[in-house]
Amino acid sequence: MAALPFELAPAIAALPFVSFLIALLVGAFAPRLLPKGGAIPGILATAGSLLLSIWAFVAVSGSADGMYHEYITWVAGAGEATLDLHFGILLDPLSTMMLIIVSLVALLVHVFSLGYMNDEGETGLPRYYAGLGLFTASMLSFVFANNLLMAFMFFELVGLCSWLLIGFWFREEGPPSAAKKAFLVTRFGDYFFLVGVVGVLATFGTSMFVGSENMEAFPHIAEQVLAGEGAVEVTTFLGFEPQAWFAVLGLLILGGVVGKSAQFPLHTWLPDAMEGPTPVSALIHAATMVAAGVYLVARIYGFYALLPQVLAFIAFVGGFTALFAATMGVVKKEIKQVLAYSTISQYGYMMLGLGAGGYVAASFHLLTHAFFKALLFLGAGSVIIAMHHNENMWDMGGLKEKMPVTYYAFLSGSLALAGIVPFSGFWSKDEVLYEAFVHGLNSPLLLGAYAMGLLAVFFTGFYTFRMVFLTFHGEPRTDTARDPHGVGWNVKFPLAVLGILAAVTGLVNMVPVQKLLGVEGIDFLHQWLDAGPEVLSAHHYSTLTHDFAHYTAGTIGSADLTVLLSAGVSLGLALAGAGAAWLLYDVPEPVRHTDRLGRIKTVLFNNYYQDEFQVWLAQGVTLPVAKAADKFDQGVIDGVVNGASSVSLFGGSRIKRVQTGVVSNYAFLLTTGLIVLLVAFGIMGGWF
Amino acid sequence: MVPIEYYLLLSAAVFCIGVFGILTRRNALLFLMSVELLLNAANINLVAFSRFHGNLTGQTFSLFTLALAAAEVAIGIGIVLVLYRNFDDVDVTEATTMRW
Amino acid sequence: MWIEALIAVTLLSAFAVFLSPDGAAGKLAFALSLLPLAGSLWMYSTYEASGNALLAGSELAFEETFQWVVAGDYALQWHVGLDGISMPLVALTTVLTSLALLASWTPIDERQSQFYGLMLFLEASLLGVFSALDFFVWFVFWEMVLVPMYVLIGVWGGPRRKYAAIKMFVYTNLASLVMFIGFVALVFGLGDVNSFDMPTVAQALRGGELGSLGPVGPDALKVAAFVAMFAGFAVKVPVVPFHTWLPDAHVEAPTPVSIMLAGVLLKMGTYALLRFNFTMLPGVAQDYATIIALFAVVSVIYGAMLALAQSDLKRIVAYSSVSSMGYVILGLVAYSLYGLGGATFQMIAHGLISGLMFMAVGVIYNTTHTRMVSDMSGLASKMPFTVTVFVAGAFGYMGLPLMAGFAAELFIFLGAFQSTVLASAPLFTAAAMFGIVIVAGYLLFAMQRTLFGPFEVETDYEVGHAAFHDVAPLVVLILLVVALGVDPGIFYDMIQNAVDPLVKTAGGGA
């Protein structure tokens, strides 16, 4: 029997689910009984989840095999070649780390919502907190899922919650439309994911992430098959060799990742999703749900590490998205839009890290980004409260003095986002770029992805500080900015917590320092992710990328020089971007310098016309095809059906004219019939 | 003895006259008469074959036919009367209300 | 005894309701419909059976046989019984009928006793269809279903009710004729098997006893009979291109009739396909798997595209039924355990979910008196409860995990993907699966326009809360859908038990 914290593991997700039920049912039938519109149950539940997650984290580090794995059968297949489907919990270093991130951010967002929603007198609060509770429950279940199918199921459920919460202000035109777009675009990605899940189940007979007594994990089976070990055999389909078929499966699953983590070309929903309440953006569209895609790749990294082509694809998509989104962030005028594009860009970095073989680096960036981006969104939320829900940065300015807590927290997050030493973002982004760089030295494709990622660092520094300077520095540009609305403790407290975290989280994994100064043992995260079961450990993954994907680290000069060079270049670029922003925007009356870009700005401002393209795909292609199909259906298919009836009716209307009502005609017909019969019989009987 | 063929020819001739009457006449009474001719053509056949085969069944049957014809005339004349009452005429082509 | 009692009680209830006064008919019918409901639930709880009703070595629940008519060499017998395929459908029928009766209280305001009587008569016929095991008994019930349906649409329907009712009746009746000829030809081809007993015929056919019929050899006879029966049932399902009667019927039918039509009547088609085509002639089904799968994929995608083009909420749901039933065909043709099991499970899941959607559209129609997407917006602010249920139902239709639709579609996709009888099965599966994107598209578009945004309705009626008896059945259905989604084993275990012998004895994937 499992130890105590593990027995309570289901409660990590069950607690927020209970808060969802409370908010939903009590909110529907007795709203007056619900304290703070459901916020209190939500806060208690997420706090409970956080405590249990930390307990599980501690327990995992203390357990013998470094993980806890338990599952039940959801559907038992009959027959000989059974295919069972399971629900289960897998607690290992990666998932417990993610559990803490999710429950911590969820808790802080619940607290922040007291200030952002309750104090602002929003209606429909039970609905809001029900959505947050359901989201937290689904996300936590996704995180500790022990197999791909269960992961997919909760992956979809978080999509539902995202839809519900983006469309929270349903009485307006914008939010429902944005919610629909978000769900639809991610659904498009999830379609490929589902095909991939079905394919994995059909190929391996299991979708487990980690093996148990009577079932192997599918990445492990794949590894054995590709290594040609033993008698392991799998069914491949459509005449593919295992290597190619696995690559197909990997790419299919990646569809869901690209959709949820808002990677090119399915990134368009995320900026629109900013129509939702800002705490929701912080929780769902920055720290957690968008991370689900990247987390999934990390979760089954043992599978992706076997597939060099897919890895290269991941890296390239990641690097491209990082650059692509960063350029658009440069010209946005609304604070949340800038953050949205920066989110897309940062998830690009994580993909780049994963594709480049940097499993730890990507997980590290996932961790730091969750904190500093949640911080930035909540900071933006605080600014938005102050600005009476005006999000346009050109209407702000000079808020630094008015709201110091928000300013310093926001600054901490911005420094982390821009990647300025020693804030957390520097360490993680540097490690991602370092991994891409050293592996890229032996692979031109990776080097290209690295170059794009590196270039994006400059833009990141620029747009981040453009945002900071426009919002907080200079002179107030409007009356609301001169006299902002105050914010309460429930806003400041989450900002302070996250501000500190954004500054110091980087210290958990100071790999460059370790390499340069030779201080052993300060790469805590690396050790942590290496500590779990063998098949899920970081060193196993690096063995796999080395053996199967032939990733080898190159150096320029010495190893130390490579580390210095990589870190120096990225830091230099970040500082250059920040400096450019400082020169241009840290003035009392900033002007719209980006206008000088002319048509380039128009293109950037319109997001490279990606949204127009997708809307055209939906309304310019799909809808006319549907209309044409409807015309075809009504005209041709139903036409044939109605035609059959018209022909019979018309025929009947003609033939019935035989019934003239004149007796003589009937007599004539009778006689004719008789004669014809006689003649016929005569001919047949041979009378003539 | 007169050969059977003569009787059959006679019967066929009477039958044809009857059919001709039905096809060409418009007066309901003439219709009725033509039907009588048809029946009698059948009677001639029955009697002739009865004699030819030396079997009395045919003659018995022709008696039934006569009775039937009487009944038919009774009903027929009734119909003619109703026809006249409804259409003020005994012209069968006038009464065409029972059509499509 | 129990099945006879079930049908007899339902029939007697129908007569009692016919004779009752108009005002009381609705409540009386609902109360009486609880009897078969309780009966079927009792049957479910005591259900003990194994194997497939038509195959040897099976143990049926509540089986009953006696000689009925002896005509020449042929003996017709009364033969009823339930296995894992029919038991869930019987339960579905009783549950949906009771809820549909509750949903009739608001919209049906004239000739009430006749309406409710016919609804119960419909239920009795449907119970007969799903429990009969002799072809003639089955066929009598099969045709009996059409009569109340025709009247229900033709009398209580919308403006074009006569057109819709006649179209439905003639189309499906003609199809029944084709199917009847096909089956009878098979029986005659069997030579000395002088029986229309379905298990006997099925076992003889699977045993390869089919001889020639006149100049037609056994192989050609098999194919011809398969085609005839497939065409006959395809109209009922309906499979594209035999589907055009369905949207017309749905649009004209009153809400409760739509619920029964989408929820139960369509399942007759797939149930019969499974019982006749895929059980009796598995060889032909496997030889022509590619063509049938093509029908399935076209139904899914084309049906969904048509739904996308509609502007009437009810037409949207009607076309999406075509799309969803396409999945059932895909599962059947896969001829694997998950495929056949998933197809049967989808019958139940779609029955509940489409019933739910039609009911929700009906509740909206009751209050707004319009169903056109363009005529309303922002209903969520006026009728929050109904809209919540509508949203839940719509997401159920989209196959949200932990709801019945997802489980059913997942099983079908799993079964179809690894089908060994269908060439390039993964491609067909992937093509059909694209339906889940389109379904999300049209339902989200429709919801965005009607439920959200600023409130506006282009009618003169005052939009208020829906009555309790309107929303109560919706809640019941949602709970059922979620229950089946969280634990599909409620029905899936017995379904699997009944389809497993089919796969085992005829080859096919796992």
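**Contacts between chains, between domains and in the cores**

Where chain B meets chain A, the contact takes 10 residues from chain B and 11 residues from chain A, a contact being two residues whose C-beta atoms, placed from the backbone, lie within 7 Å. On the chain B side there are six nonpolar, three polar and one charged residues; Ala, Val, Leu, Ile, Met, Phe, Trp, Tyr, Cys and Pro count as nonpolar, Asp, Glu, Lys and Arg as charged, and the others, Gly among them, as polar. The model is predicted, so local features need pLDDT of at least 70 and side-chain atom pairs count only at pLDDT 80 or more, while totals for chains, interfaces and linings use all residues. Residues are numbered from 1 along each chain as its sequence is written, and chains are lettered from A and ligands numbered from 1 in the order in which they are written.

Chains B and C don't touch: no contact joins them, and their closest C-alpha atoms lie 22 Å apart. Of the two pairs of chains in contact, it's A and C that share the most contacts. Here 46 residues of chain C are in contact with 41 residues of chain A. The elements giving two or more residues to the chain C side include α12 (289-309), α14 (337-368) and α20 (489-506) of chain C, with helices (H or I, at least four residues) taken as DSSP runs numbered from the N terminus. The top contributor is α18(C), with seven residues. By class, this side of chain C has 33 nonpolar, 12 polar and one charged residues.

Within chain C, the assignment gives domain 1 (1-171 + 241-272) and domain 2 (288-510), the bounds coming from an automatic or database domain assignment. Their C-alpha centres lie 22 Å apart, and the contact between them takes 34 residues from domain 1 and 36 residues from domain 2. On the domain 1 side, α3 (86-104), α9 (245-252) and α10 (255-280) of chain C each supply at least two residues, and α10(C) has the largest share, 10 residues. That side has 21 nonpolar, 11 polar and two charged residues.

As for cores (sets of buried Ala, Val, Leu, Ile, Met, Phe, Trp, Tyr and Cys residues joined through C-beta atoms within 7 Å; buried means 20 or more other C-beta atoms within 10 Å of a residue's own), the largest nonpolar one has 475 residues, and A:V105, A:V294, A:A374 and C:V333 have the most contacts inside it. Helix α16 (residues 359-386) of chain A gives the most to this core, 20 residues.

Note on methods. A residue is buried if 20 or more other C-beta atoms lie within 10 Å of its own, exposed if 12 or fewer, and partly exposed in between; C-beta atoms are placed from the backbone.
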